[in-house]
Amino acid sequence: MNVGRLVGRDVARVEDAALIRGRGRFVDDIAPAGLLHTAFLRSPHAHARILRIDVAAARALPGVHAVLLLDDLRPHLTDTRLVVALPSPSYRLDLHRPVLAETEVVHVGEALAVVIAESRYRAEDALALIEVEYESLPAVADCDDALAPDAPPAHSWAASNLAAEMTVAYGDVEAVFAAAPHRFAETLHIHRGGSHSMECRGVVALHDVIEDRLTVWSSTQTPHTAKRLICDLLGMDETRLRVVTPDLGGGFGPKLIFYPEEVVVALAARLLGRPVKWIEDRQEHFVSTTQERDQTWRVELATDAEGRILGVRGDLVHDHGAWTARGVNVPQGAVAAMPLAYVVPAFRMTIRAAVTNKVPVTPVRGAGQPQGVFAMERLLDCAARELGLDRAEIRRRNLVSAEHMPYATPLKTRGGIPVTLDSGDYPRCQQMALDEIGWAGFAERQRIALAEGRHIGIGVANYVEGTGRGPFEHVSVRVEPSGRIMVATGAAAMGQSTRTMLAQIVAEQLGANMANVEVITGDTAAAPIGIGGSNSRQAVLAGSSAHVAALKVREKVLAIAGEMLEVAADDLEIEDKAVRVKGAPGLSVTLASIARAAAGQPGFMIPGGRGPGVAASEEVVIDAMAYANGTAAAEVEVDVETGAVTITRLVFSHDCGRALHPRIVDGQLMGGIAHGIGNALFEHMRFDDQAQPISTTLADYLLVTATEMPPVRILHMHSPTPLNPLGIKGVGEAGVIPIPAAIAAAVEDALSPFAAHVCRVPLSPVDVIAMIDPVPEGSA
Amino acid sequence: MKPAGFAYHDPQTVAEAVALLGRLENARLLAGGQSLMPMLAMRVAFPDHLIDLNRVEGLDGITMDQGVLRVGAMTRQRSIERSATIREACPLMTEALTHVGHLQTRNRGTIGGSLCHLDPSAELVTVAAALDATIEVAGPEGQRDVAIADFPLGFMTPALAPEEMVVAIRIPLWPREHGYSFMEFARRHGDYAIVSAATLLVLDSAGRIARASLTLGGVGAAPLRVTTAETALVGEAPTPALFRAAAACCEGIEAMEDPQAPAWYRRRLAAVLSRRALERAWARATGEAA
Amino acid sequence: MSETRCVALTVNGEHREAETPVRQHLADFLRGTLGLTGTHVGCEHGVCGACTVLVDGHAVRACLMLAVQAAGHEVTTVEGLSLADGTLHPLQQAFCDHHGLQCGFCTPGMLITLVEFLAEHPAPSEEEVRVAISGNVCRCTGYDSIVAAALAAARALRGDAA
């Protein structure tokens, strides 16, 4: 089925009724009686020893209930570190960050003390009274410099700044390069910034004395992980803790991480016997929420005389930040994304993750894939230019074609799962974008513009994205005695319409009335197990589990109804809240009565022969990723006097398999595209050479607003994946992935009269002018 | 990001406000709040006393008297933006307002607040300099006038004694058929200008430039009147080559440096924007453009 | 200095009175003291626009006003946009129809800004809408759907056919 009664349609979102009225329940909207407020003392130094902390004056301030250091928390913790790293043999240092810093601080923003007071205003007053004596230590501010032999250590105890190293390789790359007729090289500096969801982070913890249970509301994309970690750290029984993700004002990756603040607030609530809240403010978000940052790629491409790829090799230095807050998945994902769209017979990329005295790096929408795509696309543009080939043609010659599918690459995911491109027609997708943007006629348009003194350019970039990272997502579906359908899932919502998506899939099978379906996401009390939101996974994994569970419930409902109505199940249909005989709607039985019948009575048999209850719980396991793809084509005009880049048109053709809700899919793409434009031209998380953040407000760090968005045209292809029953692929991150590459290529094309070479993003107007008219250092 | 504590005062008259300024130590005036409130939130400003001017009578208003425009210090930027009086008599200011912040900030932000804050990139400060405005200051001894050129004492520091406050700005108007242009380069709509250029021109009956004003914002602590360019323009027949030559006067200026925009880039922008603004002002002066 | 004052004002047409620390900003006052949590705090330095409310019909950043400054004024928040019987304001309806919200955090500020804008510009161009909301940051939608919703709402408010 392609388009059902609900699935595949632009149904109204269930989230909207509350959100549009301002009746969402975000973490800062939760205010239990007796609530206390929290502020963290954060290091102003990138690297320093803590010699002395004096909290006496802060503790004495009226309105302050507690000022806690690690020493105060230690007796109540099973470990003073957050051990959260994804498994990998690549680590060279154990960088598990502490709950609170005690002897050394290693990035600006690292927390060393916590104040709990009557109000956040008062708590900040107390912060100002805490005296800390620091001994400044040399700070590591650059990932390349960090790996130099004489580099100071970012952690004073560490022998080096090499957090991890690994090589991803297949084929005989050395032989290929030795024999190749053509070799091209690029050194690229790729910077991405923070997530800057409009809602920052937050935690509220409340100990219910009657139930003897702690509830922690946290702005987390991974509530089950948070629960496990808090239980581990506080030595709590799982039955005594509930973690809830309330409405989330955007996530984009950094909220999937488990943070020190989460365990500190939970513990504070227990110690003080009062509910405790901490809300991150925007300045804190810059220095304490994880982000992506710098990578230096030194890469080479080998081709034959026709521009066909023979091999790719190189190395990547990645700014890991001061701690391992997730793993090496960002550089690993970047390298994994690099060759995917193309047939690459031999490949070797070495990754070195460097420790720096900056906030840890973990995935931000795209999770490294924009960088891998940028590297590959820049190499192809370089090769095209040097070989005198049209940039679209060189790609056409190398794209994995539809006839190849399923295309087993020699690569494996971080979990050792083979990377097989399951479906898609990449050349057709590229052609769609090129036709729409008018690639063929552009050279002429460019010539005419140049004669008028205008510099326009065009660029194209392809991506293939692994989506639906497994292994599963829990979904349970139950028909309640009221006749309402309850769906609970380990998935967490952060604005991507998870509840609507699941309600559509379930209601499709059970009466087609979404108003009769209630979806609970992100609640460890409602779902016993779960992984949560990341890697564009929830539509695929939770959607598949919801679909299978709904089918099972449907089958049960029809079996019981069949018995109650004395009719074959095939003659029945589920409509709204009842099951009725096809063609004889008067003969029906309500979902409520079916549920009650299935609940059983002592001594009586359950009708239907399917056992008690009308429920199903599923964790459909899908280990292989479903590979989505797309092409971005961008047209720009560059003002060569000011360096301003205006994107005049953007075309995005993509394939995410079957679309569950076309308008939601477009919304995800458009949001990603805006973020990609930010990464291409605007977003720069600047630090000085002492690793001091210079971008610390939204006036310095530029987020795209409505006036920076170009006209965007989105085109769709649908190659359903065989890997899940719905044929869907993830789409949450797709929009961002090819954009920096496409825009960089377009700018370079616009500046071709100046032989400009774009090898970095983001591109500011100053960078553009520097390419046109290189200014010697320190001159007027 | 909560402010440190302060005592709050809301005087009803200028005299009360001045008296408070004279009496209180470490006091700051609160006008539109669009600049001061973030500073309080970040605790980079921590006055012991906040004197709110929003209830003071008679500090707002736009009046015209014999070719001089007078705008009260507490006049909201939105009022200036929408003022038909200003659009007709001083369209440079109206044009500059389209670059000032956003709808929400103009609803509260005031001209007096912008002038006293003296952000190097502030459009209204640049326009005031371009127009040779006079700042009316009230203090315990009464009122005095300060020429705009003398008003910036240093980086974000106005030439005001601690017990003084700005009550109005007076702008002598240019002749009816003057040409004008305000141009700025900013990263996004509504952002502070990296560099801005404000220019006014009057042509004589022979079509030569009789009077010229060229001011750069965003290059230093105070707006820069490029008097060398103005001198080069007066008496000459307007041509693209003349404007290029005038704009070239910007290449030797002192310019600020910051991580976003080095000095050489600001100088370059100054020349480009000056040239473009002069061309636009000329087109307006000859009626070829709106 | 923990000075407080009693503030009396009108919020969404209702008279409200409450004690507030003088340093508390209007957004915190509306949210914390009055319990109207529809107005959101995104940055507290006047850039993101999430906290936008109407004061005497004009869109302002509530994080840049002190609560005490609102005394005697009329404040409208997102909670005041729909009718008592729950009927949505045409802007709210248009946002829902056009997928103009995803996470919903910036939405109240967007709606309030557009309420003032459309009242003064009943037939705006797309470019004018974009300029009007350039002081409201959204990280989810990419703005296209918000602009479409605003234009649709403008048509509805003018009484045009959709």
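Two residues count as in contact if their C-beta atoms, placed from the backbone, lie within 7 Å. The model is predicted: local features need pLDDT of at least 70, side-chain atom pairs count only at pLDDT 80 or more, and totals for chains, interfaces and linings use all residues. Residues are numbered from 1 along each chain as its sequence is written, while chains are lettered from A and ligands numbered from 1 in the order in which they are written.

Helices (H or I, at least four residues) and strands (E, at least two) are DSSP runs, numbered from the N terminus. Ala, Val, Leu, Ile, Met, Phe, Trp, Tyr, Cys and Pro count as nonpolar, Asp, Glu, Lys and Arg as charged, and the others, Gly among them, as polar.

Chain B also meets chain C, with 22 residues of chain B in contact with 24 residues of chain C. Strand 1 (7–9), helix 2 (36–41) and helix 6 (103–108) of chain B each supply at least two residues of the chain B side. Helix 6 of chain B gives the largest share, 5 residues. The chain B side has 10 nonpolar, 10 polar and 2 charged residues.
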